[in-house]
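Take a moment with the sequence and the 3D view below. Then follow the strands, the core and the pocket in turn.

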Amino acid sequence: MGIVGNLTPQQRQSFDSQGFLVIESFASPAEIEAMRKRMDGMLQAFDPTTTASIFSTKNQVKLTSEYFYESAEKISFFFEEKAFDDNGNLKQPKELSINKVGHALHEIDPVFKEFSCSEKVSSLLFSLGYRKPVIIQSMYIFKVFSLILT
């Protein structure tokens with residue numbers, strides 16, 4: 001990999017042909033820790049009874065609400081598809097029920113804004129050919145991996 005934020009010709013070619021690029025260790029351990037700690041605080045403060053918006057990659061039109069559309073200018077929490085039982089109660093703790101938080105972290109929260117507006121993010125975008133990059137949305141995506149041994 002080249003200098004963080006400046007792509008090598010091979011990385012640029014990979015991005016141009018694949019449409020994505022994995023950059024190992026782009027965020028420093030301190031940046032990652034700051035964002036994780038901040039998200040933990042936001043999640044602890046979040047009251048799941050205030051919304052039941054569910055994120056779905058299959059049925060978003062069916063499950064979309066005003067909450068989803070308004071999330072463009074807010075920090076909003078979205079639950080996994082199967083987070084609730086038939087009575088509307090969470091099946092497990094909220095920490096294990098959230099799919100993602102979005103979509104204006106980069107505008108509203110100072111920790112996420114600092115990273116999103118950092119010189120290395122800006123340099124990366126310029127390396128990709130963007131001349132006046134604008135962040136449209138930002139998300140913190142929760143994924144829990146389970147290993148089941150039989």
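Predicted model: local features only at pLDDT ≥ 70, side-chain atom pairs only at ≥ 80, totals over all residues.

Strand β2 covers residues 98–103, and four bridges join β2 to β3. The two strands run antiparallel. Now step back to the whole sheet. Three strands form an open sheet in the order β1-β2-β3, and the pairing is antiparallel. β1 (75–79) and β3 (138–141) are the edge strands. Each of them pairs on one side only. On average, neighbouring strands in this sheet are turned by 20° against each other, with direction ignored.

Next, look at the nonpolar residues. The largest nonpolar core holds 24 residues. M39, I98 and V101 have the most contacts inside this core. Several elements give two or more residues to the core: α2 (29–45), β1, β2, α6 (110–116) and α7 (119–127). The largest share comes from α2, which supplies four residues.

Which residues does M39 contact, once neighbours within four places in sequence are left aside? The answer is V101, L105, F112, Y140 and F142.

Now move to M139. This residue sits in strand β3. Is M139 buried, partly exposed or exposed? M139 has a relative accessible area of 38%, so this residue counts as partly exposed. The cut-offs are simple: buried means under 20%, and exposed means over 50%.

M139 and G102 are 37 residues apart in sequence, but their C-alpha atoms are 4.4 Å apart in space. G102 is also one of the residues that M139 touches.

M139 leads us to the pocket. The largest pocket contains about 1,100 Å³ of space. Its lining has 25 residues, and those closest to the centre are F26, F115, S116, V121 and M139. Which element gives the most to this lining? The answer is β3, with four residues. At least two lining residues come from each of α2, α5 (105–108), α6, α7 and β3.

Technical notes:
Residues numbered from 1 in each chain as written. Heavy atoms only, no water. Pairing = 2+ DSSP bridges. Axes fitted to C-alpha atoms, helices over the stretch in contact; angles between N-to-C directions. Core = buried A, V, L, I, M, F, W, Y, C linked by side-chain atoms within 4.5 Å. Buried < 20%, exposed > 50% of the residue type's maximum accessible area, 1.4 Å probe, protein only. Contact = heavy atoms within 4.5 Å. 1 Å grid on protein atoms, 1.4 Å probe; cavity = no way out; pocket = protein on both sides within 12 Å on 5 of 7 lines; lining within 4 Å. Points joined across faces, edges and corners; volume = space filled by probe spheres on them.
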